[in-house]
Structures are given as structure tokens and as C-alpha cells.
Amino acid sequence: MSDYKKYNNVLLTAYQKYANTRDLVAKKQEILSKLATKTNAKILFLGFNPLCLSLDNFGIAEVDEPVIEFLKEQGKTFTEVDLTNSQPWDYVLAMDEYYTFAESDEEQQQLIRVLSSVTKTRLITTLRDYKNLNYRDKEFSMPVSVVNDTDRTIYLEYHMHGGTSHWDSIVYELDGEDNKTHGPYKRMPMYFKQLAKFSMDGGAKSFLVQKNMMWKGLIRRNFEHVISIEYDK
């Protein structure tokens with residue numbers, strides 16, 4: 001199982017602990033309303049994305065059984081997608097720094113090639129600005145406290161750097177009683193210019209870091225830049 005799938009199991013667990021999930025989805029809705037504008041568009045999600053809960057008849061990939069079972073319990077209509085054997089989708093959403101879950105440049109480039117092949121109109125993804133990232137932000141993500149009617153859980157990400165280009169991410173899930181540790185997850189940075197070049201090599205027509213549009217994940221308070229990559233197929 002890929003580290004991205006394992007990481008998304010943690011995201012699902014955190015989502016289920018939030019008290020007001022409706023507001024959580026609504027706050028992220030701008031991404032679909034502004035960047036996925038085609039009527040009756042085919043939308044593919046990579047990983048667990050709360051936005052998929054506002055839709056039906058979507059595709060999903062890079063998820064493990066807990067996410068699939070949760071979506072079925074919610075009554076969602078969806079298609080499990082094999083990225084290596086799929087027709088193009090109008091919009092593909094790969095959030096939570098999908099491209100950083102890799103161990104080599106070659107693996108990152110392969111991830112880009114695969115997503116380029118399944119994107120018809122626009123690929124939407126997120127990254128932090130690793131070129132200008134403060135060192136303190138490289139070691140720890142900003143923790144988040146998830147509160148509901150019965151308990152409070154703190155999520156803290158610790159990034160163990162083994163050099164300048166790779167790190168292992170560990171997620172601590174702390175509720176005072178049943179504390180858990182998730183990971184490590186193998187990671188490496190992806191820079192804006194790097195992603196733009198590899199995407200263009202994969203057939204993209206344009207690359208844009210969105211202004212005034214950011215993504216905040218479920219288990220950290222850090223914001224990520226929303227990036228749209230245009231295709232014409």
C-alpha cells in the first residue's frame with residue numbers, strides 16, 4: 001500500500017472526529033465552484049477529500065478499504081479507478097501535497113505522467129512553497145485540535161529530515177488516553193517550477209498557482225497553495 005493511501009486513512013479518521021463536517025466541506029467548496037465549472041463534469045479524486053461528499057457519480061483512486069467503506073456508508077455513488085487503466089476525467093483533484101509522497105525524482109515524474117494521462121481539462125493539486133519555507137515549518141506542521149461533543153484530539157506532524165531532499169513524516173494522534181502514532185511516510189519536496197516543467201512535458205497547456213485560494217488539510221493548520229494545470233484533450 002502506498003504511503004499516500006496510508007496517510008489518507010488518518011485523514012478519514014480525523015474527518016470523522018470533527019463536530020461540524022458540513023461547514024468543513026462548505027469552506028472548501030470554492031475550489032469546485034471556481035475551478036471545476038463544466039456542467040455534468042466527470043471528477044476524479046485522489047485520496048480522501050471531503051469535497052467528494054458534496055457530489056455523486058465521481059471517481060476515486062489512491063484510497064484504502066476504510067475510505068471505500070465510509071463512502072458506501074454515506075450512500076455515495078462512485079467508481080474506484082485504476083490510474084494505470086482509466087479514460088481521462090474532466091477534473092482531477094490530488095490534494096494534500098500528493099506529489100510529495102515519493103522517494104525519488106523518477107517516482108515523482110511517473111506520478112505526474114500518470115495524472116497527466118488521466119486528466120482531460122484541469123488537474124488541481126496543492127503544494128507548500130518549499131523554496132521559501134521557514135526551517136521551523138520544515139520540522140513540524142502546525143498542530144490542529146479536533147473537537148466534538150465527547151472528546152478532543154490533537155494531531156501533530158513531525159518531519160524527520162535525512163538531508164535536504166528527503167524526509168519521513170510521522171503523525172501523532174493524541175487524545176490523552178488512546179494515543180497513536182502513524183507513519184513514517186516517505187516524502188520529498190516538489191517545487192513549483194519543477195512541477196510546471198514536468199507537467200508541460202506531460203502535455204499540459206498551462207500552469208497556474210492560484211491567487212487568494214489556499215487549501216488547509218484536516219490534520220494541520222498550515223495552508224497549501226492551490227495549483228491548476230490545464231490540459232486540452
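Is Arg-128 buried or exposed? In the predicted model examined here, Arg-128 has a relative accessibility of 5% and therefore counts as buried, the limit for that class being under 20%. The residue is located in the loop that runs between strand S5 (119-127) and helix H5 (135-139). Its side chain takes part in a salt bridge with Glu-97, in which the closest N and O atoms are 3.6 Å apart. Glu-97 is itself buried, its relative accessible area being 0%.

Through shared partners, salt bridges join Glu-97, Arg-128, Glu-157, Arg-187, Arg-220 and Glu-224 into one network. Over the whole structure, the search finds 14 salt bridges.

A salt bridge in another setting is formed by the side chains of Lys-72 and Glu-69, with an N to O distance of 4.0 Å. These two residues are three positions apart in helix H3 (residues 65-73), and therefore about one helical turn separates them. Lys-72 is partly exposed, at a relative accessible area of 47%. Glu-69 likewise counts as partly exposed, at 33% relative accessibility. Both values fall in this class because it spans the range between the buried limit of 20% and the exposed limit of 50%.

Helix packing was examined for H4 and helix H6 (residues 192-201). The axes of the two helices come within 9 Å and cross at roughly 55°. H4 is therefore oblique to H6. The crossing of H4 and H6 is right-handed. On the H4 side, the contact is made by Asp-105, Gln-108, Gln-109, Ile-112 and Ser-116. These residues meet Gln-194, Leu-195, Phe-198 and Ser-199 in H6. By class, the contact of H4 with H6 comprises three nonpolar, five polar and one charged residues.

Backbone geometry was considered next. Most residues other than glycine have a negative phi, and most peptide bonds are trans. The peptide bond from Gly-183 to Pro-184, by contrast, is cis, with omega near 5°.

Asn-40 has a phi of about 55° although it is not a glycine. This residue is found in the loop between helix H2 (21-35) and strand S1 (43-46). With a relative accessible area of 76%, Asn-40 is exposed. Asp-96, which is not a glycine either, also has a positive phi of about 55°. In contrast to the exposed Asn-40, Asp-96 counts as buried, at 5% relative accessibility.

Conventions
Residues are numbered from 1 along each chain as its sequence is written. This is a predicted model: local features need pLDDT of at least 70, side-chain atom pairs count only at pLDDT 80 or more; totals for chains, interfaces and linings use all residues. Side-chain values use heavy atoms; hydrogens and water are left out. Helices (H or I, at least four residues) and strands (E, at least two) are DSSP runs, numbered from the N terminus. Buried means under 20% relative accessible area, exposed over 50%, partly exposed in between (1.4 Å probe, protein chains only). Axes are lines fitted to C-alpha atoms, for helices over the stretch in contact, and angles run from 0 to 180 degrees between N-to-C directions. Angles under 35 degrees count as roughly parallel, over 145 as roughly antiparallel, 65 to 115 as roughly perpendicular and the rest as oblique. A crossing is left-handed if the near helix is turned anticlockwise from the far one by less than a right angle, and right-handed if clockwise. Contact means heavy atoms within 4.5 Å. Ala, Val, Leu, Ile, Met, Phe, Trp, Tyr, Cys and Pro count as nonpolar, Asp, Glu, Lys and Arg as charged, and the others, Gly among them, as polar.
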